[in-house]
Number of protein chains: 2
Amino acid sequence: MRIVLDAMGGDNAPYVTVEGAIETVKDISDIQVILVGRQEVLHPLLERSTYPKERILVVNATDEIKMDDDVSYAIRKKKDSSIRRGIELLKNGDAQAFVSAGHSGVVMATALLLLGKVRGVKRPAIAATMPTLKGKVVLIDAGANVDTTAEHLLQFALMGNSFSKGILGISSPRVALLSIGEEDTKGNEVTKEAFKLLKNTDLNFIGNIEGKDIFRGGVDVVVCDGFIGNIVLKVSEGLAEVILKMLKREIAEIVTGRLAYLLMKPAIKNFKKKTDYSEYGGAPLLGINGTCLISHGRSTAKAIKNALKLAYRFAQQNFNATVTDYLSRYTPERVSTPVGTAF
Amino acid sequence: MRIVLDAMGGDNAPYVTVEGAIETVKDISDIQVILVGRQEVLHPLLERSTYPKERILVVNATDEIKMDDDVSYAIRKKKDSSIRRGIELLKNGDAQAFVSAGHSGVVMATALLLLGKVRGVKRPAIAATMPTLKGKVVLIDAGANVDTTAEHLLQFALMGNSFSKGILGISSPRVALLSIGEEDTKGNEVTKEAFKLLKNTDLNFIGNIEGKDIFRGGVDVVVCDGFIGNIVLKVSEGLAEVILKMLKREIAEIVTGRLAYLLMKPAIKNFKKKTDYSEYGGAPLLGINGTCLISHGRSTAKAIKNALKLAYRFAQQNFNATVTDYLSRYTPERVSTPVGTAF
């Protein structure tokens, strides 16, 4: 199987992308990685490493996309970028999946432009996986769409369910709608309407949940608009950092602080490891007609490796075909008469 | 000055409400607290305590509002509730402020029904104060409104600014719009429109901020729709709890854990104290024609006391009159020509 990696995407590219690719081909025997980017930079990095040479290919791409580039400008003017060249390889059937830690807006827009949507999908969505007190939770949409409708939310729920079930291995994912109260009458216009649609599916829909319940581990898929999902994701990331900093500050200020910190250091390390985004690799762009994963801009080599492995699982399972089939049972006309079994 | 306290509101009422009232009148000499609730419960609690008797009054109210009561049902059917009787006292001029740790939806709806809005205000909003790495931040709206417009967000910003300046003492509050990217082109339809309106005010508007920046301490007032604000508030509350639990679990699992925990315990206590909601007392309902504060359902006596003190500051400053004046300068016709100085 061939997976394309945007070798130039992310804060630490191309060092961590090259290293991540090398580690991946060492780990999984039937994977080939195509590194897309400036070959004069990539070749020297590869040459000084030891790995099965035939399993990492380089495809040249010269345009550089910066993290603050305007999406439409980047798409119009930077046709030889690693993102575009990479997704073209997917489109032409030269690879089965694409991974990028680069500009997520450009990845989404390029994927939509070149690959299009899975049949029946109104809007693709980002499914972000986050750690909780017990296991993981999938947040969908984590930022692909703003101003979504109830029908979009229904589709996010269906796609998120398939992801949780098929890729993360949860047998009957508990799907919940993010709102401001548990009762079906609580929420805004869109979520109240979405609640009704979700009730009439064969999903294991557990109703509305509030923000405080996301991380407690009682739900597997949290459905929301991408504007809200992105804010939740970033609030969580920012708050986790701030809490650790505040705690460290308090520890530094007590007499027994230095010793306490020394003794608890391994625990902080374990905590950081368990809550580290890099363990989750990347967030799939669900509903795109091709497997595309977005990794964190700060990705390490390990995060890249985990993203490539996740992409491998997606491609292996022919995930998109399954989603197409599943979604087709919930077109607006048929929403109240689901047939067959879920993914 | 007289402040009404909903003696029956909150998980630990009436014990903590009575205690909070007693501590308040002991602390501030020119305050009278009117406890509204079932007098046969309140009188015995008061009788066994020592305090300046003439400074706590009891007004009887017999209906009980439960936390899961439907708002419109509670308003129609429970006319002798402590919330309604309390707000009536405010309306009739028998008191200058109202505090409740009870059903926030019923408090809002009753306040709106009996007191109405400050002149010029389209929608009242909840201003929640939260701890950050450096100082405090005000989140407005924290849950009074869903499906808000750009003009509503503008008014939330103006009211939040007045609160930060007048009550919290920040000389030039940095006001930001919560969005999914810093550029003015990022956001949903409503926030993009609100960005334009906010740019044309005399506010110290620092632009969009992302979720990760709320708790870093670089902003004083964060403006958002109430659906989103409520989710942010609850995510933060839930995540802080979960992070502490996960850390404790990790500490318990290492060899040096028991000793480390023992040594760091005072630091955890200090951290909890600094991030404790009860330090902030309550969240004012801005834009209501009367001072109403909503306290956390889990309020302790200390939280009640702090809420009463905050209510005292509001009433002392004649906050609503100032807000009326300030908002009148930004009615839609005049939004681009502010005159005079801000509150």
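Modeller: In chain A, 11 strands build an open sheet of mixed pairing, ordered β3-β2-β1-β4-β11-β10-β5-β6-β9-β7-β8. Strands (E, at least two residues) and helices (H or I, at least four) are DSSP runs numbered from the N terminus, and two strands pair if DSSP finds at least two bridges between them. The edges are held by β3 (56-60) and β8 (204-209) of chain A, each with a single partner strand, so one side of each is left without a neighbour in the sheet. On average, neighbouring strands of this sheet are turned by 25° against each other, direction ignored.

The model is predicted: local features need pLDDT of at least 70 and side-chain atom pairs count only at pLDDT 80 or more, whereas totals for chains, interfaces and linings use all residues. Residues are numbered from 1 along each chain as its sequence is written, and chains are lettered from A and ligands numbered from 1 in the order in which they are written.

Strand β1 (residues 2-6) of chain A pairs with β2 (residues 32-37) of chain A in the parallel sense, over five bridges. Within β2(A), A:Ile34 is the bridge partner of A:Val4.

Helix α5 (residues 104-115) of chain A lies across β4 (97-100), β10 (283-286) and β11 (291-294) of chain A, and runs at about 170° to β11(A). Such angles run from 0 to 180 degrees between N-to-C directions, with axes fitted as lines to C-alpha atoms, for helices over the stretch in contact (C-beta atoms, placed from the backbone, within 7 Å). Overall, chain A has 11 helices and 11 strands.

Methods:
Two residues are in contact if their C-beta atoms, placed from the backbone, lie within 7 Å.
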